[in-house]
Amino acid sequence: MTRRGIRGLFSSKQRQHDRRPADRSVSPSRRTFSDTIMEENIVSAEEIIGRWGSEVAGSLFSAAGRPDSARFLHAASDLHRSMIFFSAPSEESTASREERSAALFRAHDLLAAAMRRLEREMHLLLSAHHFVLNPVRFRPQYASSSDASDVEDGADAISELDAGDEAMRDLGAVAQTMISAGYGKECVNIYKMMRKSFVEESIYRLGFDRTKAHVQKLDSTALESKIRSWLAVFPVVFKTLFSGERFLCDHVFAGSDPIRESCFADITADIAARLLAFPESVARSKRSPEKLFRLLDLYDAVAEHWPEIETLFAFESTSPVRSQAVTSLLRLAEVTRSTLADFEAAVQREASRSAVPGGDVHPLTRYVMNYLVFLADYETALADIFADFPFQAPYPLPESLFDSAAVATPPVSTPSSPTSSTVTSFEGSPWRSSPSSASAVAGSVSVRIAWFVLVLLCKLDGKAELYREVSISYLFLANNLHYIVRKVKESRLRILLGDEWAARQAAKARHYVGSYRRLAWAKVAEAVPTEPEDMTSEKAAGRMRRFNNELEAACKAQAVVTDGGMREQVRASVDNMIIPAYRLFYELCMAATVSSAAVRFSPEDVRNMIDGVFAGKNGGGSTHGSSGSGSSRGSSASGSAHGSATTGSLGESNRPEYN
């Protein structure tokens with residue numbers, strides 16, 4: 001083709017362009033390649049945006065609309081680029097000011113329509129997938145399940161994860177498009193509103209009331225219920241709900257760190273701070289020794305989840321959440337220290353002057369030991385709470401109270417408070433070294449627990465003086481010390497105080513039992529002659545009458561041996577002390593035809609009388625003999641307790657309640 005022909009071809013094309021509508025934004029005579037591309041972007045965007053106008057009810061990201069979703073998002077981005085292109089003169093455009101203005105307004109109107117659609121799509125996505133976007137689940141749990149149901153549940157879980165991933169990608173694409181187009185504020189507002197509503201609803205569905213009830217106005221039952229609810233919800237919220245929201249924000253707004261931070265902070269910070277303020281409110285409510293365990297539960301929960309709190313709320317904008325966590329921990333620690341000081345003071349002030357019948361275990365012993373059993377479960381929390389408060393004994397401690405060499409010392413004259421003229425330093429006491437611990441943390445708690453036990457033992461020594469019969473004083477000490485040792489061995493107190501400590505106290509208890517046996521039954525045993533063969537009938541009758549009187553007197557004394565094993569040992573030892581010698585004496589009396597008025601009891605009668613002292617209502621210990629092993633941390637209190645250790649009495653497996 002000749003050059004002239006080629007010019008003719010272009011001339012023909014030019015004439016075709018001249019016949020196009022005259023309302024184009026840019027004059028054909030001045031169009032550049034960039035002008036053409038941008039104008040075609042506007043035309044293309046107009047078609048897809050018009051197809052998904054506000055009157056269309058469906059979603060771009062539904063099965064029917066998904067083929068258009070990518071094109072719609074691309075068109076919106078193209079419109080934004082066209083607006084930038086036509087907004088100011090450029091070397092790449094030869095369009096006049098009027099032409100640029102017309103194209104700019106046209107692109108702006110289309111982009112505004114596209115953004116309205118994307119706002120709706122953001123709302124639809126967040127509404128339709130609000131549960132699968134966060135791993136918190138609210139479905140009923142069933143006690144039994146079959147393999148088929150397990151497979152079905154697994155398939156459902158995989159399907160939900162897939163749906164969540166897809167929804168997250170769609171949200172990210174919508175957010176990126178809106179933010180790039182300058183509609184980030186609208187996008188973020190919708191996202192914050194929808195996700196914050198979901199988080200608050202989730203916490204409510206998990207079981208925690210969002211209302212700001214004044215803790216100080218709640219009765220003990222309502223407070224216990226609220227604490228239980230908080231303890232159940234708190235780990236799920238911080239380990240799952242908030243971490244899920246952080247993950248979602250990081251993916252939806254991956255292109256903007258400030259927006260990610262702002263969204264997560266606005267959605268979760270206020271709710272997190274309110275949750276973390278609850279322990280502080282509980283700590284500020286009325287104090288009582290029985291409430292201590294719930295305070296420690298709250299402390300444990302916050303301290304255990306501090307890594308999540310510190311990581312999730314690491315932004316400067318979320319620093320109030322971290323501050324509230326620290327404030328609650330400090331307040332709980334302060335009240336814990338004060339409550340334990342109150343508990344110790346209440347034990348030391350206990351001044352009841354009524355002796356427990358038969359030398360049974362004192363209610364104070366039951367209360368204090370059950371209290372310490374539960375307290376031992378919080379070893380780590382207590383070590384943290386007292387880390388900066390090293391223990392100092394308020395009194396110099398008597399060596400004899402914990403020195404195994406002093407077991408033979410009669411206890412009746414022991415003072416009722418931890419004071420003595422013969423003392424040693426706290427650090428140097430033998431009992432101080434007996435707790436077996438693998439770390440200094442355990443040791444610091446061991447010292448405090450051992451001090452509480454010491455205070456209790458001193459009170460018991462004083463109460464032993466209330467008995468008229470010295471033998472019952474020893475039995476009282478034996479019962480109470482045996483109870484203390486058993487509670488230590490059956491709980492974490494064994495770890496804190498150690499086997500050596502328990503063994504020393506058990507040896508003391510056995511010594512007290514021996515002292516009781518000697519003092520209570522010595523006169524009976526002494527009434528049986530050692531050499532009855534050389535006695536006349538008259539002397540034998542006289543000794544038999546003496547034996548009868550001593551036996552009846554001893555059997556009238558009320559004696560309680562609480563522990564079943566110790567009771568059998570005492571009964572067997574008393575039998576061995578009296579029955580063999582009496583049997584020989586009885587047989588000689590019968591052979592010597594001693595008066596039947598003098599020989600009133602056969603050896604079996606004597607055995608039954610002795611056994612009767614340690615059996616039945618008094619000796620059997622049926623009302624107190626059941627034992628609780630270990631503790632029930634986190635469980636509810638089913639027993640009742642008074643407001644202080646001075647009068648409180650706990651069942652052995654019951655936890656102190658609030659007052």
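Biologist: Before we start, what should I keep in mind about the model and the numbering?

Modeller: This is a predicted model, so local features need pLDDT of at least 70 and side-chain atom pairs count only at pLDDT 80 or more, while totals for chains, interfaces and linings use all residues. Residues are numbered from 1 along each chain as its sequence is written, and side-chain values use heavy atoms, with hydrogens and water left out.

Biologist: OK, salt bridges then: how many are found in the whole structure?

Modeller: The search finds 33 salt bridges, each being a side-chain nitrogen of Lys or Arg within 4 Å of a carboxyl oxygen of Asp or Glu. One of them is between the side chains of Asp266 and Lys192, at 2.4 Å from N to O. Asp266 lies in helix α8 (residues 257-283) and Lys192 in helix α6 (residues 184-206), so this pair ties together parts that are 74 residues apart in sequence. Helices here are DSSP runs (H or I, at least four residues), numbered from the N terminus.

Biologist: And Lys192, buried or exposed?

Modeller: Lys192 is buried, with a relative accessible area of 17%, whereas Asp266 is partly exposed at 38%. Buried means under 20% relative accessible area, exposed means over 50%, and partly exposed is in between, with a 1.4 Å probe and protein chains only.

Biologist: Which residue forms a salt bridge with Arg504?

Modeller: Arg504 pairs with Glu500, and their closest N and O atoms are 3.2 Å apart. Both belong to helix α18 (residues 499-526), where, being 4 residues apart, they are separated by about one helical turn. Arg504 counts as buried at 10% relative accessibility, while Glu500 counts as partly exposed at 49%.

Biologist: Why does a spacing of three or four places matter in a helix?

Modeller: An α-helix has 3.6 residues a turn, so residues three or four places apart point the same way.

Biologist: Let's move to helix α21; which of its residues are buried?

Modeller: In α21 (residues 603-613) the buried residues are Pro603, Val606, Ile610, Asp611 and Val613. They cover an arc of only 150° around the axis, which puts them on the same side of α21; the arc is that of the directions from the helix axis to the C-beta atoms.

Biologist: Switching to Glu121, where is it and what does it touch?

Modeller: Glu121 is in helix α4 (residues 97-128) and counts as buried, at 0% relative accessibility. Leaving aside residues up to four places away in sequence, Glu121 touches Gly58, Ser59, Leu60 and Phe61, where contact means heavy atoms within 4.5 Å.

Biologist: How many aromatic pairs are there?

Modeller: The structure holds 23 aromatic pairs. Rings of Phe, Tyr and Trp (its six-membered ring) pair if their centres lie within 6.5 Å, and planes under 30 degrees apart count as stacked, over 60 as edge-to-face and the rest as tilted. The rings of Tyr191 and Phe253 have centres 4.9 Å apart and planes at 85°, so that pair is edge-to-face. It links distant parts of the chain, 62 residues apart, with Tyr191 in helix α6 and Phe253 in the loop between α7 (220-252) and α8. Tyr191 is buried at 0% relative accessible area, and Phe253 counts as buried at 2%.

Biologist: What about Trp230 and Phe234, stacked or edge-to-face?

Modeller: Their ring centres are 4.4 Å apart and their planes at 20°, so Trp230 and Phe234 are stacked. They are 4 residues apart in helix α7, and both are buried. Both also belong to a cluster linked by ring pairs, which includes Phe208 and Phe264.

Biologist: Which charged residue lies over the face of Phe208?

Modeller: Lys226 does, at 5.1 Å from the ring centre, and Arg246 lies over the face of Phe264 at 5.7 Å. A charge sits over a ring if NZ of Lys or CZ of Arg is within 6 Å of the ring centre and within 35 degrees of the ring normal.

Biologist: Last one, how many disulfides does the search find?

Modeller: It finds 0 disulfides, a disulfide being a pair of cysteine sulfur atoms within 2.5 Å. Cys458 counts as buried at 1% relative accessibility, and Cys589 is buried, with a relative accessible area of 1%.

Key. Helix = DSSP H or I, 4+ residues; strand = E, 2+ residues; numbered from the N terminus.
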